[in-house]
Amino acid sequence: MEVNIGQNQVLLQIKSDDRYLRLVRTMVEEISLLAGFAPHDISDIVLAVDEACANIIKHAYGGDKSKDIFIKLSLLSSGIEVILKDYGRKVSPEKMKGRELDEIRPGGLGIYFMKKIMDSVQYITRDSVEGTELIMVKYVKKCG
Amino acid sequence: MEFERKTESDVDVILLKGDMDSHTSPKARDFFAGILKEGKKKIVVDLDGVKYISSAGLATLIEVFQKMHRYGGSLKLCGMNETTKGIFEIAKLDSIFAIYETKDKAVAAFSS
């Protein structure tokens with residue numbers, strides 16, 4: 001991932017260890033606050049990014065805690081863009097549709113949350129590039 | 001994640017403290033597995049000390065709910081903050097679980 005960041009960006013690199021997810025959540029909460037989101041939306045964005053990181057740890061890296069995850073947050077003119085980059089097993093976008101809620105069972109809610117909460121969720125994989133890039137965007141809702 | 005367990009009448013009340021995410025949920029799952037082995041039929045889980053819950057935390061509670069249901073037990077939840085309540089609503093689990101504002105109301109619901 002490009003390590004240079006712009007004036008409106010924050011970059012966090014963590015190991016694929018879920019004990020760091022709380023740190024990620026704190027950072028996302030603070031940046032979402034700067035972006036002007038309402039408290040309810042901030043909680044939702046925090047959940048979406050947390051779920052995305054947990055999925056990378058579980059599925060892309062198979063629980064290996066020693067791998068790298070990059071989380072780049074960009075303040076947009078009216079929202080936030082979150083880019084998560086991993087170097088693990090490539091994600092098949094068609095397998096990341098999320099499940100329906102008609103069946104009550106544990107598991108499989110992470111993708112559902114991400115898609116329900118964010119305005120845009122896009123998985124990008126390239127044959128020539130290792131891993132997966134996940135780009136999520138959420139816009140601030142204007143009142144009135 | 002911390003757990004406190006007490007008995008009120010014939011109801012087991014479990015107070016959870018901390019975030020329920022993919023890091024802490026395995027510990028919660030182990031804790032509940034121990035209680036379910038005892039075959040407890042009336043359990044209230046008080047989420048007053050839980051500031052955040054992810055799908056991993058929800059999965060833990062869904063497992064408890066389903067396992068208790070299989071042996072004829074009943075699980076009730078209480079003490080949710082606005083964040084936790086919102087996550088249950090997004091997942092549409094607020095219509096599946098029996099959710100009460102306070103622990104006292106949840107315990108009393110077993111008698112009504």
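Let's start with chain B. Among its contacts with a separation of 6 or more, 74% are between residues 24 or more positions apart. Two residues are in contact if their C-beta atoms, placed from the backbone, lie within 7 Å.

A word on the model. It is predicted, so local features need pLDDT of at least 70 and side-chain atom pairs count only at pLDDT 80 or more, while totals for chains, interfaces and linings use all residues. Residues are numbered from 1 along each chain as its sequence is written, and chains are lettered from A and ligands numbered from 1 in the order in which they are written.

Back to chain B. It has four helices and five strands. Helices (H or I, at least four residues) and strands (E, at least two) are DSSP runs, numbered from the N terminus. The order from the N terminus is β-β-α-β-α-β-α-β-α.

How does the radius of gyration of chain B fit a compact globule? With 112 residues, such a globule would be near 13 Å; chain B has 13 Å, so the two agree. That radius is taken over C-alpha atoms, and the globule rule is 2.2 Å times the number of residues to the power 0.38. The C-alpha atoms fill a box of roughly 30 × 25 × 25 Å along the principal axes.

Now strands in chain A. E1(A), residues 9-15, runs antiparallel to E2(A), residues 68-76, with seven bridges. Strands pair if DSSP finds at least two bridges between them. A:Gln13 has A:Phe70 in E2(A) as its bridge partner. E2(A) also pairs with E3(A), residues 79-86, again antiparallel, over eight bridges. There, A:Ile69 faces A:Asp86. A hairpin of two residues links E2(A) to E3(A).

Next, helices. The axes of H1(A) and H2(A) come within 9 Å and cross at roughly 145°. These axes are lines fitted to C-alpha atoms over the stretch in contact, and angles run from 0 to 180 degrees between N-to-C directions. Which residues meet? From H1(A), A:Leu21, A:Val24 and A:Val28 are among them; from H2(A), they include A:Ile42, A:Ile45 and A:Val49.

Last, where the chains touch. Chain A gives 20 residues and chain B gives 19 residues. On chain A, helices H1 (21-35), H2 (39-60) and H3 (109-117) each supply at least two residues. Which helix gives the most? H2(A) does, with six residues.
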